[in-house]
Structures are given as C-alpha cells and as structure tokens.
Amino acid sequence: MAIEDATSGIDIASPTNGLSSQRPSISLSKSPSATYPRSPASKDASRWQRGNTAASAAKPLKPFATEDIKILLLENVNQTGRDILAAQGYQVDVLKTSLPEDELVKRIRDVHVIGIRSKTQLTARVLREAKNLIVIGCFCIGTNQVDTQYAAKHGVAVFNSPFSNSRSVAELVIAEVIALARQLGDRSNELHKGTWNKVSSGCWEIRGKTLGIIGYGHIGSQLSVLAEAMGMTVVFYDVVNLMALGTAKQVPTLETLLGAADFVTCHVPELPETHNMIGRLQFEQMKHGSYLINASRGSVIDIPALIDVMRSGKLVGAALDVYPAEPGGNGDYFTSDLNVWAEDLRSLKNIILTPHIGGSTEEAQSAIGIEVSEALVRYVNEGCTLGAVNMPEVNLRSLTMEEENHVRVIYIHHNVPGVLRKGWLIDSD
C-alpha cells in the first residue's frame, strides 16, 4: 500500500466512497481550532505551518457535499468530539454503547467514518461490509480492537489518541500506590460495614520506596516524574533504550526490575510478546511483600497466578484496572460467567479493582475527543494522514485561492506496477 500526493487540475481531496461530486461555491474547508497539543516536538513545524495559513486565503478543497458524510460514533464519545464533527455539517449518529458484531455489520455498511473506544471490535468481517468507510477514529490510546492491517490494505486510515489520557492514568497509578501502601481499600470497606479497625501494621509511607515501571512510554515516563516528586526511587524496563527523566534508571532486564521494586506497574501494549508477561515465574522473582499494579491491558497479567501469590502472602497488594474479558457496558456483569476467577479475585485482601477507568476523566476524554475528531476532519476534508497508525504520513500546506489551477490529490493504492499510470490517465481525462 502506498500514498501518493500531487497537485493537479482534478477536483479530488481525499478518498471518498459513495459521495456526490458537488463542489461548494461558498463554504471553505475548515478545521476546528487546535485546543490541545497532539503532535510530538518533531512534528511541530508542520503543525504550525498549517495553522498559519489564513482562513480567508484557504481554497475550497472538498469535492463533495459536506452533509453527505455519514459518521457513526459508538461508546459515548465525548461531546467535544461530537461538536467538532457536527460543526463540519456531517451527519453524526451517536450511540452510548458498543454493538454486537452482527448489529455492527448492519450499521457500518453506509457510513464513511466510524468512531469507537476500546470495546468495539472492528474485525475483518466487520470491515469487509463497510463499503463506504474511509477512516476510523479510535477515541482512546489502543488500536488493538481494529484490524489495522486489513484497514490499510483497503485504503481505510486509522487514527487514535496516543497520549491525551497519559496524565489521568499516571495520577490513578500514584493514587493506587498510596492506597495499597496504607491498605485504604480494606479500611474503607470495614468502616462501611461498621467495623472500626485502626492499625499500622503493614502500612507504609511511599517515600524512599522503589517504583518499577514496565514500559517507559507516554504514561510510564510521566508516572516516573510524579513518583520522584513523591520521594520514590524509580527504575524502569523497556525493550528499547530510552532517555530517563529525572534520576530514574533503566535496568537491562525485567528480572532485574522485579527484584528491585517495592511497587511494580505495567504500561505496555497488547502484543503476543506481552501476553501473560507477568506470570508465575515473574511473581517468584518479585520481592516478598511487594505490590503489583496493572493499568495497561488485561492480557498482560496471569490473574490465576496473581490470586495464588496473593493468597500465599508473597504479594501484599494489587490494583487492576483492566482484565482479559471486560463487559460491553455498565451493570452487574463482572462475574464468573465473564471470567472464571472473578469471585476468587474479589475475595482477596488489599486489592483494588476498577472498571477500566484509567483514562476516564473529564480532562482526558475532552482532549481525546478534540484530538481524534480534528484528525478525522483533516483526513476527510484534506487527505491529511498525519497521526495515522497504519499509513504513511502526508501533511502538506493548504492551497490558496491564488492557485486557481491546483487541487491537492491523495491517492491510496496497492504498490504494484502500473497503478500510478492508471491514476494519471484518469487525471488527464
């Protein structure tokens, strides 16, 4: 798959399936004002170059009637994102929940854009039915719920929000470190039941303790800074060499980290290499009396092994925000029917269980809504692939009204001999 970008005399701005070829005479292609920094420093120049193009000089780039764009948003996407898309004049259909695969297949057939969070599964079977789909917006960090390879092969770009909720997750982990060290969950539950149990045995300050971070990306590195501000020593393990922030130190192996850390926290993606990354062997390598936190992906921890090691007393606390299988919506669904070990997990002492709320703050969801929706608008209106996880990045300056005989073209095709020639033949016609 390749993307070619060129300037020519035909009126196409981006791959649009099933849209009427109507050229607007008055309205200009416009993107909402950026209110949240989304690009890493290396891309700042191109971002600011785009922002400096005067709106009055921008050339109409959309070779379609805006109202023809149909968008389906699932899983209660934040209002900020909805407003940005609606302001473009698109048809926006919003649902609060995810959809079962069969129903999703029916709903996706006519849409050009779909926005999801972590519960919706866009499998090859679903995408195969999406004949008009041009772009997918994941209003979250992960994209493992999307068959991105299938999407790329069929010219469908996928965007996500890689760091908008990093601060929210990092703050939750810091809160859990303190809560576990002081056994706050157990004391609160006891007092709710009327039991006064004032104890200090097994309760600790976190100052002077060692935090071991597995995965030093956007969340792990921010967590590192917060932990040092609380007086903790930070070590981290990652599969690549990274610059440490503050006085944090990178260790060469996972075993080294597990043997040094009082608190171990996981921040890695869901990959075959990270499946059951923390299992029975790794629990044996951890310090006696240590704690485990997982706010990354549910498949990272061998939970039956965690239950056993908690019962043995080797680990004295744990906090889980993610699970191998999670309910599709709110309700009394976290039972043994969903995960066979659910009741055993709930019965443990000093364990914090939360329903995948690491990024669930007003600030994070608002920022995610803005970041992903702006990316979708830029792609639909201008063919800009900056930030796409499954396509090469194309991000050129806007054309101006003075460039009368120029229109930007983005042409997505399989990288096979002769395909460009066919494209230019169409252009010449």
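Colleague: Okay, which residue in β5 does G115 stand opposite?

Modeller: G115 stands opposite G137 in β5. Bear in mind that this is a predicted model, with local features needing pLDDT of at least 70, side-chain atom pairs counting only at pLDDT 80 or more, and totals for chains, interfaces and linings using all residues. Residues are numbered from 1 along each chain as its sequence is written, and side-chain values use heavy atoms, leaving out hydrogens and water.

Colleague: What makes β4 and β5 (residues 135-138) a pair?

Modeller: Strands are DSSP runs of E with at least two residues, numbered from the N terminus, and two of them pair if DSSP finds at least two bridges between them. β4 and β5 have four bridges, in the parallel sense, so they count as paired. I114 also stands opposite I136 in β5.

Colleague: How many bridges join β2 (residues 70-73) to β4?

Modeller: Three, and the two strands run parallel. There, L73 stands opposite G115 in β4.

Colleague: Why are β3 (91-94) and β6 (157-159) said to stand at the edges?

Modeller: The open sheet of five strands runs β3-β2-β4-β5-β6, with parallel pairing. β3 and β6 each have a single partner strand, so one side of each lacks a neighbour in the sheet.

Colleague: Buried or exposed: which are the residues of β4 (residues 113-116)?

Modeller: All are buried (under 20% relative accessible area with a 1.4 Å probe, protein chains only; exposed is over 50%, partly exposed in between). V113 and G115 point one way, I114 and I116 the other.
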